[in-house]
Amino acid sequence: MKAPWQRHALTLLVLSAASAAWSWPTARHLGEVVVMRHFDLWSLLWLVGDAPDIGLDLFTEQSCWPEGQSLLRSDSLLVLILGGLLGPLVGPDALVLGLVLLGPVLSGWAAEHLAVATFGARWPWSIIAGLAYAFCGLAATALLEGHVYFLLSPWLPLLARAGLAAAGPQGRPRDGAVAGLMWALCLLSTAYLGVVATLLVLVILGRAAVRGGGRPGPLVASAAVALPVGLAYVALFAAGAGTSGPAPLQEQPVHVLRAGSATLASLAGFTPSMDAAQHSITPWLPRVALVLALVSPLVLPRRRAATGWLLLVAALVAASLGPYVDVAGVSGQVPWLMVPLTWLQRDVLFHFPARLLWLAALILGVVAAAVATRLAARARGPGQRLAVGALLVFAWLDAAVLPALPDRGRPNPLAVPTAYQATPAGLAVLELAPVFLGPSWDLELYTNNLVCSYQRVHGRPLANACIGTRTAGAPRRKITDWLSATLLASTPAPASVQPRLAAMGFGAVAFHPDWFPEPDRSALRLGLEAALGSPLAVSRDAGDLVEIYAVRGADGQDREGHRAALAALLEEQGG
Amino acid sequence: MRRWWLPAVLATFLAPPARAGLDPASQEQTLTFQVLQPSGVALHGAWIELTRLGEARRVTLRDDGLGPGDIPYDGVWVGEDRGPFTRVVDATLLVALPDAEPRPLVTEAVRTDAAWAATVSWRLVDTPDGLTAARAAFAHPGRSVPVSDLLPLAGSFGWLVFLAVFVLGLLLVLQGESEK
């Protein structure tokens, strides 16, 4: 048996190797490239970059200029807190890369700790729990989608550890307080992890009520820590009602709920089509852990039986399928558990039933670690020990290699176009990009979030909605609709462009010609030159041709005047 | 000797990150374009016209085995364009039917944001109104897109079956040992 620090070091090494492998080549090109598939990592970079300047009102004027944008309904308040505290020290890129590379390591380490402390697993078999939880299908989805704050989820296993201890006959108030804190951190990480954590707490409380012997002290301590955070969260969320703008067609309740649900195929693995068309929502269960957990009734002694936990996993899997049982998200209309939610013709705020499977992956992982421990104890001779040891290798491959993440993702350079440095400081930048609709909707969000992420370097306010998916309601869309119509009209009116943009506080227009088809590209370029003169700067670095046109005469200080100018423009446009 | 692993740990965590000097401005990126030809439709040629960082380019797609990585006459037309890294290009797909002039089928902005290489695929669809094009997750040789798309899933099932057989076998062996 190795010393505890040696076990921890080796556990962290195994998890670090898995983290580096599955996000390759992020670790090789540290600070230059990050692996992703979709577009949410760009808005996360924006949020972390903006966080140090956001006050307690959770409102920013760096986005949706000149109106500003509320962040009361941000996905992750923990990211805002981390960005505010650590962003100025390490920078947004390092913080986000830290979530990508170190998040799974810490999450896996916490799950490994839970397996040892509560489920009777022994090292090194306990590492199976860490690999199963931190690198499950939902973690792969988080990496590919860019919601990488999900990867830093040690709070859920630590909640389970403290909660089970607190609910036991030897429970101490300290355990309850820790459980309350971990529940709060789950909620602050993301509302979905908060829902999962609440389910876990309910199960733990129900289990304690059935078994009896619990003490009130830990429960009181837990509530004392968790309730203020929970109530503050609910108050913030309620205050943010109506700040998200109207939902586009793609976001109607049925579509959203179906898209965020598991399918029979995505529970088993991934296909290229799922990555291309279904946002890589592939919440498969960790395969090694699943098989080991399923044989647990044959292996674990009666007093450590995990039947109740496995029934909970079955319930979570059933719930994760959402409103319909789909084979692969494109067929079948068999109504299922959450179909009543689709009858409500309004947003139900619960969009991703698949995310319930975080808890399933954790349970399977810790039960599997306990099963592997028992199998290892039965092994005699080098051959049998080698065979049991192969389970560790299989678990590592299942976590790090088989998700094929480097192949499924795209190594994206983090560089920002240099042309933005020529824009006047203190004045907003108007991003002139096309409006992508229909099948190109993802491109609309990708380009929107990408240009928002550039702000972490140039620092100029943008008219884009930099958080959320409702770009249609942002000032950027309304202003560029007017600008494009003005410049592309059969009788262009370039003389009106400069004074109106200046009145709204814009110091520059950033034009992305490559994103427009001809002949619009040439017509817009000619129109911009007629209205604003030759480009102030042009750059072709960072994979994006950017032409900066200066808007003269803006001062950027008269916020009310800028808002009034926008309101006047909207009134003219009939909206 | 007991701490033989210590240098490896230190090397992993303390060594400066390996930098290949990745600079998007000078980084060469290969864009591969694939077009899947439907059964029963003969094509005389296929081209991609794109704008890459402001530069207009034309890529000839081939299915005669002379293109990069092309398998001759497998129904997948392939072409490559090399240049500096670019995140989005505006691309037009043109095809020529036998004895007809090339005509554009689709023009759209496509994401190419992978540092070193990106693949963009279309699937041609033969409709009563003529040929149309739709983006595809990928194209594979032999007109086997639906089958190839399921390969990773089939691999997952195979892996699961292997694990189940392995664990059950292990269980039987260890059970036998404990009974002895």
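Author: Along the sequence, chain B reads α-β-β-β-β-β-β-β-β-α-α. That is three helices and eight strands. Helices (H or I, at least four residues) and strands (E, at least two) are DSSP runs, numbered from the N terminus. This is a predicted model, in which local features need pLDDT of at least 70, side-chain atom pairs count only at pLDDT 80 or more, and totals for chains, interfaces and linings use all residues. Residues are numbered from 1 along each chain as its sequence is written, chains are lettered from A and ligands numbered from 1 in the order in which they are written, and side-chain values use heavy atoms, with hydrogens and water left out.

Of the 180 residues in chain B, 45% are buried. Buried means under 20% relative accessible area, exposed over 50%, and partly exposed in between (1.4 Å probe, protein chains only). Among chain B contacts with a separation of 6 or more, 61% join residues 24 or more positions apart. Contact means heavy atoms within 4.5 Å.

One residue links the two chains. Arg287(A) sits in helix α14 (residues 287-294) of chain A. Its relative accessibility is 4%, so Arg287(A) counts as buried. Beyond residues up to four places away in sequence, Arg287(A) touches Ala268(A), Gly269(A), Asp398(A) and Leu402(A), and also Ser156(B), Trp159(B), Leu160(B) and Leu163(B).

Now the helix pairs of chain A. Two packed helices are described by the angle between their axes and the distance between the axes. Axes are lines fitted to C-alpha atoms, for helices over the stretch in contact, and angles run from 0 to 180 degrees between N-to-C directions.

Take helix α8 (residues 173-189) and helix α10 (residues 216-239) of chain A: their axes come within 6 Å and cross at roughly 20°. That makes α8(A) roughly parallel to α10(A). Angles under 35 degrees count as roughly parallel, over 145 as roughly antiparallel, 65 to 115 as roughly perpendicular and the rest as oblique. The crossing of α8(A) and α10(A) is right-handed. A crossing is right-handed if the near helix is turned clockwise from the far one by less than a right angle, and left-handed if anticlockwise. On the α8(A) side, the contact includes Gly176(A), Gly180(A), Trp183(A) and Leu187(A). On the α10(A) side, Ala221(A), Val225(A), Val229(A) and Tyr233(A) are among the partners. The contact holds 13 nonpolar residues, five polar and no charged. Ala, Val, Leu, Ile, Met, Phe, Trp, Tyr, Cys and Pro count as nonpolar, Asp, Glu, Lys and Arg as charged, and the others, Gly among them, as polar.

Next, helix α5 (residues 127-134) and helix α18 (residues 357-378) of chain A. Their axes lie 7 Å apart, at an angle of about 160°. α5(A) is therefore roughly antiparallel to α18(A). This crossing, too, is right-handed. From α5(A) come Ile128(A), Ala129(A), Ala132(A) and Tyr133(A); they meet α18(A) residues including Trp358(A), Leu362(A), Gly365(A) and Val366(A). The division is 11 nonpolar, one polar and no charged.

Leu114(A) lies in helix α4 (residues 92-119) of chain A. Leu114(A) is buried, at a relative accessible area of 1%. Its contacts, leaving aside neighbours within four places in sequence, are Phe119(A), Pro157(A), Ala160(A), Arg161(A), Leu362(A) and Val366(A).

α4(A) has another packing partner. Helix α2 (residues 40-50) of chain A packs on α4(A) at about 125°, axes 9 Å apart. The two are therefore oblique to each other. α2(A) passes α4(A) in a right-handed crossing. Leu41(A), Leu44(A), Leu45(A), Val48(A) and Gly49(A) of α2(A) face Pro92(A), Asp93(A), Leu95(A), Val96(A) and Leu99(A) of α4(A) in this contact. Eight of these residues are nonpolar, one is polar and one charged.

Finally, the strands. Strand β1 (residues 33-36) of chain A is covered on both faces: Val33(A) and Val35(A) on one side, Val34(A) and Met36(A) on the other, are all buried. β1(A) runs antiparallel to strand β6 (residues 410-413) of chain A, joined by four bridges. Val34(A) has Asn412(A) as its bridge partner. Two strands pair if DSSP finds at least two bridges between them.

Elsewhere in chain A, four strands form an open sheet with mixed pairing, in the order β7-β8-β10-β9. β7 (428-432) and β9 (537-539) are the edge strands, each pairing on one side only. Neighbouring strands are turned by 20° on average, direction ignored. Strand β8 (residues 506-511) and strand β10 (residues 546-550) of chain A pair antiparallel over four bridges. Val509(A) stands opposite Tyr549(A) in β10(A). Helix α22 (residues 475-488) of chain A lies across β7 and β8, at about 65° to β7(A).
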